[in-house]
Amino acid sequence: MRLVVLISGSGSNLQAILDATRSGELKAEVVLVVSNHKAAYGLTRAAEAGVPTLYFPLKPYSDAGRPRAEYDADLARQIMSSQPDQIMLAGWMHMLSPAFLDCFPNQVINLHPALPGAFPGVHAIERAFEAFQRGEISQSGCMVHRVVPELDAGPVIAQRVVPFQTDDTLDDYEARMHAAEHELVVEALRICAKNSDE
Ligand code: GRF
């Protein structure tokens, strides 16, 4: 399975994917890593793993008054040449429009650090933690889902509950969440790889 991974930050989930492809746990090849942020450490992780990288910022489009849909379409064109079977959004902080998604029907999946329908959008971990502190929830978790135009919605491929502990600080909980994500992202991609072989 040919994988393109989109990141915007440290890329610890990308690292989990790279490690799993190298160990053979995940029968896939990461053929390209794309970031919209130049300083994303994930670009370094990719380069160190010998994976081609692409830095593709939105700013030149917004500075020129060109629409996001044009950015999305150009980004899709760049990625298409890598002939991906799946496109993994792993900490990718840019909402993709149909101008991108329509180029890769049923091939774009996203990792989100909340349970289905619970905390869509940014700062999901913090928002869940605050809800726990208010006594509103006792657990949160993470999921990998197919990407649809609605943010952090779409059919769920795999999910994992990450319960809170009474003495948790936000950092404690965040560390457990990220550890769960690193396992979940590989589990979800294994499901996709199996499905694409069938
Ligand atoms: C992860 O928690 C992911 O779910 C969220 O942003 C974080 C990315 O972390 N969208 P990393 O860049 O993979 O370390």
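Predicted model: local features only at pLDDT ≥ 70, side-chain atom pairs only at ≥ 80, totals over all residues.
I take buried as under 20% relative accessible area, exposed as over 50% and partly exposed as in between, with a 1.4 Å probe and protein chains only. Residues are numbered from 1 along each chain as its sequence is written, and side-chain values use heavy atoms, without hydrogens and water.

**Entry: A64.** I looked up A64 and found 51% relative accessibility, so this residue counts as exposed. A64 lies in the loop between α3 (59-63) and α4 (68-80); helices are DSSP runs of H or I with at least four residues, strands runs of E with at least two, numbered from the N terminus. From A64 to E136 I note 72 residues in sequence and 45 Å between C-alpha atoms.

**Entry: cysteines.** I searched the whole structure for disulfides (cysteine sulfur pairs within 2.5 Å) and recorded 0. The sulfur of C103 has its closest cysteine sulfur in C192, at 19 Å, which is too far for a bond. For C142 the closest cysteine sulfur is also in C192, at 15 Å, again too far for a bond. C103 is partly exposed at 31% relative accessibility, whereas C142 is buried at 0%.

**Entry: sheet.** I traced an open, mixed sheet of 7 strands in the order β3-β2-β1-β4-β5-β6-β7, where pairing requires at least two DSSP bridges. Its edge strands, β3 (53-55) and β7 (156-163), each pair on one side only. Strands β5 (108-112) and β6 (139-146) pair antiparallel over 4 bridges, and L111 has V144 in β6 as its bridge partner.
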